[in-house]
Amino acid sequence: MKGYILFLLCFFLSCLPAESQTRQEIIAQYQKELGDYASLFTGKVEVPYDATSFNSLPYLHEDGSFRKGTVCFGGVPYEQVNLRIDLYMNQLVVETPQKHLKVVPQKEKTSFFTIDGQRFVNVRGTFVREEYAGRQCQLYSHLYRVQDVPDTQQSRKRVQFKSKTALWLVSDGQVEIIKDLSDLQSFFPSRKEDIRQYAKEMNLKFNAKNRIASIRAIVEFLER
């Protein structure tokens, strides 16, 4: 509620001077401008990062730029929304049409969103990128940022964010982090030998560069 009131206050300040407007008139004007999209922009206002303290920003696009995408909020798809992803806070940020405010929609109401052709799904309260959606299995990349805090003796050095990725395999409500071939074999014990043989035949690699593609290939093979 506090974030919503702050939103309306900022919106009021961005409007043309109208001292005689009542609060109800401001809300009506806000709802008229945003139309059916109004509910998407009633979350908390984003707290910006202090550029003087960080060497980089923890967004999917490090410059913090907004891209057009679709957000499914409350079961309703909202298209052509300006959005960006904060990978440190694991939160979606949307920008109002007039670019007055940057708002964080309620995560529990956000089932998925798309940006630059990538689909991010809310899995147990975490936004993860969809890598494979099969009949029984889903594979996701959990993209996140961690802080590389500078030495206290070098207090003037700005904080750098490091990129991290974890692969999530979901099947029958079970979620496991998959790092390599042995993790896949443990997840599918009855197909252990099939997995080993397929990986060998296809010469699959599980280093950082090839891990996602190799694991996806095996999961697709298992679902044939």
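Guide: A salt bridge is a side-chain nitrogen of Lys or Arg within 4 Å of a carboxyl oxygen of Asp or Glu. The model discussed here is predicted.

Visitor: Why is Arg145 said to have no salt bridge?

Guide: The nearest side chain of opposite charge, Glu62, is 4.7 Å away. The limit is 4 Å, so the pair does not qualify as a salt bridge.

Visitor: What makes the pairing of Arg145 and Ser163 a polar contact?

Guide: Their side chains are joined at 3.3 Å. The cut-off for N or O atoms is 3.5 Å, and therefore the pair counts. Ser163 is also among the residues that Arg145 touches beyond four places in sequence, including Pro58, Tyr59, Leu87 and Phe161.

Visitor: Which elements give two or more residues to the largest nonpolar core?

Guide: That core has 20 residues. The contributing elements are β9, β10 (160–171), α3 (181–187), α4 (192–201) and α5 (211–222). Helix α5 provides the largest share, six residues. Val219, one of the residues with the most contacts inside the core, is in contact with Tyr132, Cys137, Leu169 and Leu184, neighbours within four places aside. Another core, of 19 residues, lies apart and includes Val81, Leu87, Phe113 and Phe120.

Visitor: What is the pLDDT over residues 1–20?

Guide: The chain averages 84, and 80% of the residues score at least 70. Over residues 1–20, however, the pLDDT is below 50, although this stretch has 32 contacts in the model beyond near neighbours in sequence. Where pLDDT is low, predicted coordinates should not be read in detail.

How values were computed. Residues are numbered from 1 along each chain as its sequence is written. Side-chain values use heavy atoms; hydrogens and water are left out. pLDDT is the predictor's confidence in each residue, from 0 to 100. Contact means heavy atoms within 4.5 Å. Buried means under 20% relative accessible area, exposed over 50%, partly exposed in between (1.4 Å probe, protein chains only). Lys and Arg count as positive and Asp and Glu as negative; His and the chain ends are not counted. A polar contact is a pair of N or O atoms within 3.5 Å; within protein, one must be able to donate a hydrogen and the other to accept it, and residues adjacent in sequence count only if both atoms are side-chain atoms. A nonpolar core is a set of buried Ala, Val, Leu, Ile, Met, Phe, Trp, Tyr and Cys residues joined through side-chain atoms within 4.5 Å. Helices (H or I, at least four residues) and strands (E, at least two) are DSSP runs, numbered from the N terminus.
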